[in-house]
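Trainee: Could we go through this model together, one question at a time?
Mentor: Gladly; please have the structure open beside you while we talk.

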Amino acid sequence: MTRFALLRLVQSLVSLFAITVIVFGLSHATGSPIDTMLPDDATTEQIAALSRNLGLDEPLWRQYLVFLGNALQGDFGMSLKWRGQSAMGVVLDRLPATLRLGGLALLISIAVAIPAGVVSAVRRGTWADHLVRGFALFGQSIPAFWLGIVLIWIFAVGLGWLPTSGHGGLAHMILPAISIAAFQIAALTRLTRSAMLEVLDTEYVKLARIKGASETAVVWRHAFANAAIVPLTYFGVLAGSVLTGSIVVETVFGWPGAGWLAIEAIRARDFPVIQAVVMFFALAFLLANVLVDLLYAWVDPRVRHG
Amino acid sequence: MASSRLPVIPLALLVLVLLGPALLADLIAPHDPYQSHLRNRLQPPVFAGGGWEFILGTDRLGRCILSRILHGARYAVAISAVGIVLGAALGSALGLLAGYARGWTDAVVMRLVDISFALPSVLLALALAVVFGPSFSAVLAVIVFVLWASFARQVRGEVLSLRERDFVARARVAGASHLRILSRHILPNVANTITVMATLQLGVIILLEATLSFLGIGVPRPTPTWGLLVADGRQFVVSAWWISFFPGLAILLSVLSINLLGDWLRDRLDPRLQQV
């Protein structure tokens, strides 16, 4: 187990290193930020002075090493758009809003998808199964940004039950969280259903039935406990796509999180903030995947010896 | 549960919403999609009090929504088709190579797969849009980047077990070159998987393309892509809901029919393929 964990950790570090190179390279291919920072009639001396100040006159590999060293300490420099704030500070300011929204979306996904997937598998072929599969199909086909707009149209404008956009209490989070969760619910439901179908067909579940275990015990204790490993492995992807979903949905709802920040930063060519956001998202995603892999290996010994 | 009958309704839907308009937009669109009719701004659709001239209503410049949706189908089809072909080809080739060669090649390809999976696609698209400006090729690059890794991983996994099978060993004993073994003996055995994955991913790609143009980082204005059409109506949720509603519905129906076809194809060709 330790060997597997170490191997997985080293692999992630290699990925992380490559991501820092990509992030650094992309931001530097975008053209100089100086154009947006100085007025059009700036003199050559002014431009040179600012270049020196920002370290943009150094060779590229030196700039990368400096970037890497600072990045390891969470220092991505000062934001160009939000003057006087560090890039990391700007991201950390917005992160709680994204985590709250993403957390709620994740919670909704699991709370809806697991029971729906289990029921759909246990009652295979009944109207409940068809209903669940129909909904899952819709969830996978609907564009999140459009779902958000339609939800605003129905529940905020039409019925007036919930606010249209902005930041506030739980009421402000419900519509955006549902918009993010729709796709995840669909994916997780389908996974849970197919995993359950497979397990329900095994000998040990049949044996449990023959022994006279109650239906609830058979479904949840014997079948689901073993089927749960499949949705579990999907959890890393799930956490990542919730983050990605938040970029789009935060923009629709004007939710002041890190996703919306990313779009604002890119429009303003705010390199340091772009770097900080991308690194943060990539790191979160990698971490989620490593944790899932370790958990998976711990639960299922075949993985770590395979 | 696999039904062998051709899924008629999804096919009809696909032709009606996506393929038909993409091929025939010039012939069937009632208006020029770029033409403003300033006297007919924000006309509601015909069943909500509007006239027959603009069946699905008009936007804030008086452009015909129906015509714009019909023309938008073109871009949806063109971008996703080219993207899928490129992404599937690149991913499958690398997957074949990694699974067949194993060792270092495999390790490098799989690390690249990990890296691809770790970079959120929308963020990458944002970065690319800033680098190259919003463009057709930047969108294609993002699509290929998103696709190749899942194809590579799936194909590699299957090749790893295929290469140990007897028919591969026999081909080798018979003196077949590596290239021949790969192309004549292994590739045909993963072709079904690649086809099914491509169909299942088509819906994902149409959604991604729409998302990018919605955010203003896809194919640039004034091209009437479906995502852009939805974005155009965002400020009019209260006064003119139809501007956003119908283009979004077109996306939903297209992706829905593609996903139904994909599921059917999987049941037919590759029932063991686990896909989300």
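Trainee: How many residues of chain A are in contact with chain B, and how many residues of chain B take part?
Mentor: We are looking at a predicted model, and a contact here requires heavy atoms within 4.5 Å. Counted in that way, the chain A side of the contact has 46 residues, and the chain B side has 42 residues.

Trainee: Which residues form the salt bridge across the interface of chain A and chain B?
Mentor: The rule finds one salt bridge across this interface, and for such a pair a side-chain nitrogen of Lys or Arg has to be within 4 Å of a carboxyl oxygen of Asp or Glu. In this pair the closest N and O atoms are 2.8 Å apart, and the partners are B:Asp263 and A:Arg190.

Trainee: What kinds of elements does chain B have, and how many of each?
Mentor: If you follow chain B from the N terminus on, the elements run α-α-α-α-α-α-α-α-α. The count for chain B is therefore nine helices and zero strands.

Trainee: Does B:Glu158 count as buried or exposed?
Mentor: You will find B:Glu158 in helix α5 of chain B, which covers residues 136-162. Leaving aside residues up to four places away in sequence, B:Glu158 touches B:Asn189, B:Val190, B:Thr193 and B:Asp270. Buried means under 20% relative accessible area, and because B:Glu158 has 18% relative accessibility, B:Glu158 counts as buried.

Trainee: And A:Ser12, what is its relative accessible area?
Mentor: A:Ser12 belongs to helix α1 of chain A, residues 2-29, and, when residues up to four places away in sequence are not counted, A:Ser12 touches A:Leu286 and A:Val290. A:Ser12 is buried, and its relative accessible area is 10%.

Definitions and conventions: Residues are numbered from 1 along each chain as its sequence is written. Chains are lettered from A and ligands numbered from 1 in the order in which they are written. This is a predicted model: local features need pLDDT of at least 70, side-chain atom pairs count only at pLDDT 80 or more; totals for chains, interfaces and linings use all residues. Side-chain values use heavy atoms; hydrogens and water are left out. Helices (H or I, at least four residues) and strands (E, at least two) are DSSP runs, numbered from the N terminus. Buried means under 20% relative accessible area, exposed over 50%, partly exposed in between (1.4 Å probe, protein chains only).
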